[in-house]
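Trainee: I'm new to this one. Could you show me how to read it?

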Amino acid sequence: MTIELGHFALILAFAIASVSTLGGYLFWRRGERVALFLQQGAVLQFVLVAAAFAALIQAFVVSDFSLALAANNSHSLKPLVFKISGVWGNHEGSMVLWVLILVAFGAMVAAFGKNLPQSLLSLVLATQSLLTAAFSGFTLFTSNPFERVSPAPLEGADLNPVLQDIGLAIHPPLLYTGYVGFSVCFSFAVAALVSGRIDAAWARWVRPWTTLAWLFLTLGIAMGSYWAYYELGWGGWWFWDPVENASFMPWLAGTALLHSAIVMEKRNALKIWTIFLAIITFSLSLLGTFMVRSGILTSVHTFASDPTRGLVILSILAVLIGGAFALFALRAPALRAGGLFAPVSREGALILNNLFLATALGAVLVGTLYPLLLDALAGMTISVGAPFFNLTFSILMAPLLVVLPFGPLLAWKRADIVAVAQRLIAAGALAIFLAALISALGGVSVSMAPIGLLLGFWVAFGALAELIERSRLGRLPLIESARRLAGLPRSAWATALGHFGLGVTVLGIVATTAWESELVTTLNPGEAARLAGYTIAFERFEEVPGPNYSAERGTFRVTGESDATRILSPERRIYAASGMPTTEAAIETYGFSQLYLQLGEPVDGTHVVRAWFKPYVTLIWIGALLMALAGAVSLTDRRLRIGAPARRAAATEPVR
Amino acid sequence: MSSQGLPAKRGWSRKQKRLAMILGLGLVLALAATLVLVALRDQIVFFYTPADILERQVEPGLPIRLGGLVKEGSWTRQGERNTFIVTDGGAEIAATYSGILPDLFREGQGVVAEGSLLPDGSFAATNVLAKHDETYIPKEVAEALKARGEWRPDEPLPAEQ
Amino acid sequence: MVFWSIAITITLVACAALYYAAAMRPVNAVGSGEGLDAQFARMLAGIEADVGAGKLAGPQAIAAKAELAREMLRQKSEAGQAPTRAKPLRIGVVAAGVMLIAGLACGLYAILGRPDLPGEPLASRPEIAARNMNLEEAIARIEARLAIAPDDLRGWTVIAPAYMELQRYADAERAFRRIVELAGPDADRETDLAEALMMQAGGDAAGEAMQLLRSAATRDPAHLRSRFYIAGELTRTGDYTAAVEAWQELIGLAEGNEPWLATARQGLAFAEAGGVAPQDDETQQEAIRGMVEGLAARLQSEGGSVEEWTQLVRAYLVLEDRQAAQAAYEDAVAAYPQAFDRGGLDTLALGAGLSLNGDGQ
């Protein structure tokens, strides 16, 4: 009965969301009563969808195959963690997770939004409810996860083996939290447009939500990249696959939004642009989630798509996004422009940041959609592959990286660029020195490597320069500097950490691309091969049973020049229920570098082994983690803490 | 609302400043657009079936994607070097690939290979795509095969047992 | 109805929470929100901080503050012209909204939901319970329960045929006796007990078994199984006159197409001939096979009860045709997909070592 109660809970949540939408938009001017109703409704939606989700998890855990979703995607022999993650390893279940996160954000707005003006709160919650109603309705009517089978089969069809990985337990929830988090920005933007009220306070309410969503999206993309890296066995960490692009585009837009919201909060400028970005970011999130499901894009992420479902989802997207932009076109001109500033100023730098992020976003968008358009219009089948993205993206990002360290050091309104440049001389010199040194030592195999290194170091050191500058390190006694450093606002730390993380990621990308070495060779047990100073000895090959698969495992003994011997065991698995083979690469980390070993299918008793040595590859993800950490630090900033600002501000800062 | 309170370093008026800024932004955007268009022209990869390649006489060395079915009984492996024949029911192209083929590379299954033609008319693959789902058929392959009447969506692939 | 009562309770709680939140509290028409002053105070503090950090020179800071002040004045004048306040929402509207929610949820669920379907967690499903433990384990568990609750009729009913399968006839006898004690005697129960006694005695139905069979036959004038055994026993003991009578009575009860009819006719012929087998063994086997095929054909084309399917599977097992038995079992499963409908069939199949895995496919 839990299944049916879960079903009922989801339907009840849909009903509350529908009525909240209607009531919110009709009566948002009518004061506190509406806001209280919507707040309570948002909390109830969360509780009910959480109950529905729990019912699904329960059915998967006890292998209740009378639930069609469990019968199609689970297997009684699957380990518990994969039974749970299997709930969202499919279209219907992932929709429920998506809606769950949506209502969680709605409930958070309701809980922390007590300080918001009532009309704004009502409009924000009404918009959140509209999204909930649209997507829970879509879930219930076209892809109901609570569909039953009677009689129930005795065994499930099992989950796609590629998805039977801890990555599935982590990646989608993180990514969805990122995508869906931007719904709050979207709702705030719509509310601002409807009410016509937008000011610096608005930006201060929106910024923490942007930061929160951006933080999770960063983690989600990094996690997804690492997952693809170790699970797909192709040795790459980014493929410019349409789905990867679909998650990357909202990240670019979200990063721009993060920065433009600062300008709006501090200087009350860039209002219209910030609203526009908020709408764009969430629209791209929606496209990211649903383009792949509409069947327009095919990729490894595609769930079985059905044409009706695709049409419904496209119409929902068209109405939501189109409606938001129509509203924007109608109301944005009424918004008043804010404070003025000189081109050389913090505002100017942030505009530059937005400009380059937006053009990079445009390039990715064009590259992703161009094949679709060409196919639809001219009937030509082409693919826009990694070379296009690598070329355009790196050229568009390079100037951004060049100017990035200047930004945080510039003053608002009008700044002295010469003075700032002087402060950055040390960082620049150090970056040039290191880039030259490493290029000389490492041998330059890719001509762009020194430039890439230079940019990476420049961004990383430039980020630290602000901290050094503000703590007067070297000019004051060490203890005094440390005290100043500790006393810096969290937002300054967040800026430095985030930019430093970006530099680290750039360094990882450049180092891996330039100095990666690869080996493909026939290797049989008893033989050994060498790669990048490591001796890879194939010890034995054996069959090993797993819980719901059988594996062929190769055992390799890897000896580095100055390192203890390590054992690597890549596998090839055949999953019992589906008969699908998968490759499990073995990855060993040496410092920041990794050795990646993949075992081919044996033919006539001979084995092919593919090995990569990827220098400093982990920096890519470490940098992303640092960026996410920066988001977390920024959220702990007193002035930005969700819900706290108004009260705190009133308490700690004397009014007049 | 005006900048008169600020010491004006340059003698530009508000309008001029704004114009300069808009011009600057426009310039960057124009450059970016040019870059994207040029890159699109140079970097896109055309998708061909074996028949297309024979018909259009694709130049050797040009990066292309070749899609079709792996011909039954055509896959051989010597060490890490694989050779197989890609067919679309009519035309056939011999392909070579060094490395580990994807898990779902099977004779009779759809395949998309990235690479270029060699002067002898065979295809040297640098990358072979076969996605991780046994029901997955690369869209381009499905469409090309449909166009040639080789594949109907509700039936298994003709070459499959 | 348990489901609906819970669902309606949930709806009522949710609606009450909504109504209470919106309608039952004293409210202001328009809330205060954050004052502009606090916001500008903070911006002012930000400028001071920038001055302190050396990012803003003195004159620049003064200019920035001046601009801030102007902006504040502008915004305040805007706020003053705010549109007149609307009337607060009436409670009736809230109540209507709440009722709309309740109606929408229940109506939609009635269309989409399947309140009649119970959950079927794998572990508690009979097929899996049977597959996951062998018959002895299952019996041991039931025995343990019966030791605590000896009046559990269901337990005895389950365990008795299982004892028979395992050829533990003494235990089966004890179990069937208990069933008769608990549920009172009727034709079937008495025959079951007699069966257990006969099996213990190696097919000899003398004494108590015969008494029970006769009692069953008298109790139910149309009871076939007891009459079958009586006729068989009479034939076995050589009382051919009585046997002929018994066989004739049995055949008289038949409607003409029963699977056992052929056997009964053979028995009759045997008794009439005074104990001389009218046919040799091979032809008899042939006849049995023909009878089984007939039953199979009928079940295939017209379907039949679970008991008939069970009989067919058992017949194939007796003929030592495992393949056919397996096929018949699978057909039976296809005809009766719900495990609890199949009753003794699964037990029989399991005891005979047939594969249960093909269920539901």
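Mentor: Let's go through the chains, starting with the ground rules. This is a predicted model, where local features need pLDDT of at least 70, side-chain atom pairs count only at pLDDT 80 or more, and totals for chains, interfaces and linings use all residues. Residues are numbered from 1 along each chain as its sequence is written, while chains are lettered from A and ligands numbered from 1 in the order in which they are written.

Trainee: Into which domains is chain A divided?

Mentor: Domain bounds come from an automatic or database domain assignment. Here, chain A has domain 1 (1-164), domain 2 (202-334 + 342-409), domain 3 (424-516) and domain 4 (517-614).

Trainee: How many residues of domain 2 of chain A are in contact with domain 3 of chain A?

Mentor: Contact means that C-beta atoms, placed from the backbone, lie within 7 Å. Six residues of domain 2 of chain A touch 13 residues of domain 3 of chain A. The C-alpha centres of these two domains are 26 Å apart.

Trainee: And what elements does chain B have?

Mentor: Helices (H or I, at least four residues) and strands (E, at least two) are DSSP runs, numbered from the N terminus. Chain B has three helices and seven strands, running α-β-α-β-β-β-β-β-β-α from the N terminus on. Of its contacts with a separation of 6 or more, 56% join residues 24 or more positions apart.

Trainee: What about residues 144-257 of chain C?

Mentor: That stretch of chain C is 76% helix and 0% strand, with its end C-alpha atoms 44 Å apart.

Methods
Two residues are in contact if their C-beta atoms, placed from the backbone, lie within 7 Å.
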